[in-house]
Amino acid sequence: MNEFSQKDSISPAYINLNNPKYIELDNMYYSGIIIVNYYREYNDLILKKILDANLNMNISIFYEKQNPYKIIRNLTYHIANVGVDLKEGNQNKQDIDIAAFTYNDAKYIRKEIQVNNEDLYFLYIYINIFSQNKNEQEYLLNKIEGILQSIRTSNKESKF
């Protein structure tokens with residue numbers, strides 16, 4: 001009688017979870033990065049610099065449809081709170097500009113959902129980096145994080 005089942009033949013022989021930056025499965029190292037915050041306007045394609053780096057990675061993109069009733073409720077609450085902040089006006093000029101910007105965006109999104117029956121989706125990008133060497137894995141992880149940081153910084157600077 002065979003003591004091993006089919007799931008035993010596909011499961012890893014060795015798993016190491018000691019380092020929070022990566023996991024080790026059968027002498028391969030894996031790290032994951034999830035991207036959830038995007039700037040309103042990008043000058044470049046979001047993943048262009050990452051793809052151009054030509055590293056050992058898999059990229060997965062997920063989207064999740066949001067409940068329109070919850071979104072409308074949250075936006076209405078946000079609009080009311082920001083409206084009060086704008087009326088009080090005891091903030092500096094930059095804070096007032098940011099509050100006005102988000103106030104108008106929230107009103108626009110709420111209108112699109114209520115009047116035009118638009119749907120709202122959250123977008124998540126998951127990057128899985130892998131390597132056969134621990135040092136190379138740390139190098140790849142740092143390189144991807146550096147690329148993402150440079151994208152974030154360049155878009156922040158280009159907005160103002």
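Modeller: Two packed helices are described by the angle between their axes and the distance between the axes. In this predicted model, the axes of α3 and α4 come within 9 Å and cross at roughly 150 degrees. Axes here are lines fitted to C-alpha atoms, for helices over the stretch in contact, and angles run from 0 to 180 degrees between N-to-C directions. Helices are DSSP runs (H or I, at least four residues), numbered from the N terminus.

Biologist: How are α3 and α4 oriented to each other?

Modeller: They are therefore roughly antiparallel, a term for angles over 145 degrees.

Biologist: Which residues make the contact?

Modeller: Contact means heavy atoms within 4.5 Å. Among those involved are Ile72, Leu75 and Ile79 of α3, and Ala99, Tyr103 and Ala106 of α4.

Biologist: Which residues of α4 are buried?

Modeller: Buried means under 20% relative accessible area and exposed over 50% (1.4 Å probe, protein chains only). The buried residues of α4 are Ala99, Ala106, Glu112 and Ile113. They lie on the same side of α4, because they cover an arc of only 160 degrees around the axis; the arc is taken from the directions from the helix axis to the C-beta atoms. What covers them includes α3. Lys93 and Tyr108, on the other side of α4, are exposed.

Biologist: What should I know about the numbering and the limits of the model?

Modeller: Residues are numbered from 1 along each chain as its sequence is written. Local features need pLDDT of at least 70 and side-chain atom pairs pLDDT 80 or more, totals for chains, interfaces and linings use all residues, and side-chain values use heavy atoms, without hydrogens or water.

Note on methods. Helices (H or I, at least four residues) and strands (E, at least two) are DSSP runs, numbered from the N terminus. Angles under 35 degrees count as roughly parallel, over 145 as roughly antiparallel, 65 to 115 as roughly perpendicular and the rest as oblique.
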